[in-house]
Amino acid sequence: MKSFKKTAIFGIAAVLACGACALVACGKEGGQDGFTGEVSDSEWQTYLDINAETCNNLTFTTKTYNTYSKTEAATYGEWKNSTYTFEIDHENEIVHRFGVEEQYEPGTKTFTTGNSEEYYFAYRGAYYLWGKYETDQKASVWLITKAEFIEQAERMSNIGMQQMATYKTYKNFFKYNKETNAYALMQAGSMSFSLQFLEDGGVRSIMKENSVTTSENIVTAVDKTEVSVPASVKADVDAFIAENALKTA
């Protein structure tokens, strides 16, 4: 595996691991609509009883952002907002990742945005990683092993689901807040952790790490995620296969 690809894979895994304390599932951003509100003991169990081994597909999103607004970036000296979304289809062997990172540059007093996208998938008897890491950059293609594909797909699923099992038996430790439609687990100084349930079956948690930074993870569309590899991505892989065939001919 080439070092650049290793950086892409494990760099994203590190981002996700840092946010793994904040399991989430999406509803309507920033609002109360889409949340179930208070749930019964049996509903709590149902929401959190998801088995990664039997799940065919899911969508996992992780977010990190500042609690203060973008307009206050110069006052605080920094501002960051990142979102990474993984559409994982174990059955058809496809992982689609796309991410957006925006941050304030104090030296120039401007905002920069970075976009990235990857497809890990089985194709023509092998496994490939297609990646594009800047909007104006040509995509790159790597041949990967089946083991590498499985590691990537399962890593994202496991991170997304691990806290479901953790909190499944601890409902009594949470206190429901009607104003936020959230179950709060703890409040320690500027830190807090809360859990929300969504009407579509998703689960959302929010970890306020300190007074300026919040992290979220989102697990939703379990066994309802539809993901496919675009023809343009397959064309890039076909070109990669043809180029390598000429080199070995």
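**Aromatic pairs and buried faces in a predicted model**

Modeller: In this predicted model, the count comes to 18 aromatic pairs.

Colleague: Why is the pair of Phe-174 and Phe-193 called tilted?

Modeller: The planes of Phe-174 and Phe-193 make an angle of 55 degrees. Stacked requires under 30 degrees and edge-to-face over 60, so the pair counts as tilted. The ring centres are 6.5 Å apart, and the limit for a pair is within 6.5 Å.

Colleague: Which parts of the chain does this pair tie together?

Modeller: Phe-174 belongs to the loop between helix H4 (146-167) and strand E7 (175-177), while Phe-193 belongs to strand E9 (residues 191-197); the pair therefore ties together parts that are 19 residues apart in sequence.

Colleague: How do you know whether Phe-174 and Phe-193 are buried or exposed?

Modeller: Buried means under 20% relative accessible area. Phe-174 has 7% and Phe-193 has 2%, so both residues are buried.

Colleague: Which residues do ring pairs link into a cluster with these two?

Modeller: The cluster holds Trp-44, Tyr-47, Tyr-167, Phe-174, Tyr-176, Tyr-183, Phe-193 and Phe-197. Trp-44 and Tyr-47 are also among the buried residues of helix H2 (residues 41-48), together with Leu-48.

Colleague: What makes you say that the buried residues of H2 line one face of the helix?

Modeller: Viewed down the axis of H2, the buried residues fall within an arc of 85 degrees, and they therefore line one face.

Colleague: Why is Lys-70 said to lie over the face of Phe-111?

Modeller: Lys-70 is placed 4.8 Å from the ring centre of Phe-111.

Colleague: Why does Lys-109 count as exposed?

Modeller: Exposed means over 50%, and the relative accessibility of Lys-109 is 64%, so Lys-109 counts as exposed. Lys-109 is found in the loop between strand E3 (94-105) and strand E4 (110-123). Its C-alpha is 9.1 Å from that of Gly-77, a residue 32 positions away in sequence.

Colleague: What is the secondary structure of the protein chain, and what share of its residues is buried?

Modeller: The protein chain has five helices and eleven strands, and buried residues make up 41% of its 249 residues. The chain exposes about 13100 Å², of which carbon and sulfur atoms supply 50%.

Technical notes
Residues are numbered from 1 along each chain as its sequence is written. This is a predicted model: local features need pLDDT of at least 70, side-chain atom pairs count only at pLDDT 80 or more; totals for chains, interfaces and linings use all residues. Side-chain values use heavy atoms; hydrogens and water are left out. Buried means under 20% relative accessible area, exposed over 50%, partly exposed in between (1.4 Å probe, protein chains only). Helices (H or I, at least four residues) and strands (E, at least two) are DSSP runs, numbered from the N terminus. The arc is that of the directions from the helix axis to the C-beta atoms. Accessible areas come from the Shrake-Rupley method with a 1.4 Å probe; for residues, only the protein chains shown count as cover. Rings of Phe, Tyr and Trp (its six-membered ring) pair if their centres lie within 6.5 Å; planes under 30 degrees apart count as stacked, over 60 as edge-to-face and the rest as tilted. A charge sits over a ring if NZ of Lys or CZ of Arg is within 6 Å of the ring centre and within 35 degrees of the ring normal.
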